[in-house]
Amino acid sequence: MLDGLAAAGHAPPAPGSSMMSTNRALRSARDAVDSHQVWELDPDTIEDGRIADRLDPDDVVDLRDAIETNGQTVPILVRRHPTTPDRYLLVYGRRRLQAIRNSAKVTTVRALIASMGDDDAVKAQISENMARRDLSFIERALFAQELVETGFGNQTQVAEVLTVTKSSVSMAIAIAEMIGRDLIRAIGPAHGIGRPRWEALGKAIEERQINRDRLIEVAESLRSEAEVAMVIDDASAEPNEVSVRAFEAVFEAAGVPERPARKPAKAPPARPRKLSVNLTVDGRTAGQLVRTAKGVSFELGKGPFADWVEAQGQPLIEELHARWLQRGED
């Protein structure tokens, strides 16, 4: 989950170590599901008191539209409220839940109901987050900080659950503390801004004793200007673009002397010119998945199944695209 928190010192977990533990946590959550039945629940009966892991959790317009068009293909996971009947606590699926709450067309949320305690629920949330690729560095740092502050465990225990080194967690939390939670929230997630620049900003604030309230004003002013521009120009700027610009404005206002050099990106491994994988149904070869430099294609042998796939091609690709949009969305 915290890949990239530190530029060095992140050792891969050994077999049987914390990575396997977190996988077991997610499997345990799924095993605790009552009869593996998907329920239709009223979104208002679900409470979300989990540790926040996103700075823009309400940015769910695309997900809402996908669910309204194609339905909710991936259920959320909830657990029964310990004291109130017919109410539930969210384990994971925050963005899907919020998207349905924002919808005027979808009135119920598809959910699995599990029996688990607070500790198991936090571990399940962490395990689900570890599969994500879209949390920014600073969101991950705040998540680690809140795990420690809310009593989940000390830095060593948090590092073990997150399958990173203690030094990675310590460095991330130190950067978050240098900058301050209010300033981070004013800036936003700033996807693409990595540890070196956040660290440079934090050090500049501390060494020069810069007033954080002034920097918060800089970030909020830029966000306000962007919102006004979007209304006047009828533009649709991406929220992350605004967040990155807010970071750049704060970075400049803090007078950071120079941008730390970035490590050159590693060249991606050469992809085979053509890769074929057999696809089986009930133990028999039904066709092939073919990957070439131009893309991916399915090749099915002639027969009634191939005829049906040909007729259903459009709704099938729309369903797969909807499932892709909802993959691990919390």
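This is a predicted model: local features need pLDDT of at least 70, side-chain atom pairs count only at pLDDT 80 or more; totals for chains, interfaces and linings use all residues.

Tutor: Let's start with a pair of helices: Phe137, Ala141, Leu142, Ala144, Gln145 and Val148 in H5 meet Val169, Ala172, Ile173, Ile175, Ala176 and Glu177 in H7. By class, that contact has 10 nonpolar, 1 polar and 1 charged residues.

Student: At what angle do H5 and H7 pack?

Tutor: Helix H5 (residues 137–149) and helix H7 (residues 166–179) pack at about 100°, and their axes are 8 Å apart. Angles from 65 to 115 degrees count as roughly perpendicular, and H5 and H7 are therefore roughly perpendicular to each other.

Student: Next, the cores. Which residues have the most contacts inside the largest nonpolar core?

Tutor: The general idea is that nonpolar side chains tend to be buried together in soluble globular proteins. Here, the largest nonpolar core has 35 residues, and those with the most contacts inside it are Leu183, Ile187, Trp198, Leu201 and Phe247. The elements giving two or more residues to this core are H5, H7, H8, H9, helix H10 (212–233) and helix H11 (239–253). H11 gives the most, with 7 residues.

Student: What does Ile187 touch?

Tutor: Leaving out residues up to four places away in sequence, Ile187 touches Trp198, Leu201, Ala219, Arg223, Ser243, Ala246, Phe247 and Val250. There's also a second, separate core of 15 residues, which includes Leu41, Ile76, Tyr88 and Val109.

Student: Now the strands. In what sense do E7 and E8 pair?

Tutor: In a regular strand, the side chains alternate between the two faces of the sheet. As for the pairing, strand E7 (residues 284–292) and strand E8 (residues 295–300) pair in the antiparallel sense over 6 bridges. Leu289, for instance, has Phe298 in E8 as its bridge partner. A hairpin joins E7 to E8 through 2 residues.

Student: Last one: phi angles. Which loop holds Asp86?

Tutor: Asp86 is in the loop between strand E3 (76–80) and strand E4 (88–92). Its phi is positive, about 60°, although Asp86 is not a glycine. Ala190 also isn't a glycine, and its phi is positive too, near 50°. You'll find Ala190 in the loop between helix H8 (181–187) and helix H9 (195–207).

Student: Are Asp86 and Ala190 buried or exposed?

Tutor: Look at the relative accessibility. Over 50% counts as exposed and under 20% as buried. Asp86 has 62%, so Asp86 counts as exposed. Ala190 has 0%, so Ala190 is buried.

Methods: Residues are numbered from 1 along each chain as its sequence is written. Side-chain values use heavy atoms; hydrogens and water are left out. Axes are lines fitted to C-alpha atoms, for helices over the stretch in contact, and angles run from 0 to 180 degrees between N-to-C directions. Helices (H or I, at least four residues) and strands (E, at least two) are DSSP runs, numbered from the N terminus. Angles under 35 degrees count as roughly parallel, over 145 as roughly antiparallel, 65 to 115 as roughly perpendicular and the rest as oblique. Contact means heavy atoms within 4.5 Å. Ala, Val, Leu, Ile, Met, Phe, Trp, Tyr, Cys and Pro count as nonpolar, Asp, Glu, Lys and Arg as charged, and the others, Gly among them, as polar. Two strands pair if DSSP finds at least two bridges between them. Buried means under 20% relative accessible area, exposed over 50%, partly exposed in between (1.4 Å probe, protein chains only). A nonpolar core is a set of buried Ala, Val, Leu, Ile, Met, Phe, Trp, Tyr and Cys residues joined through side-chain atoms within 4.5 Å.
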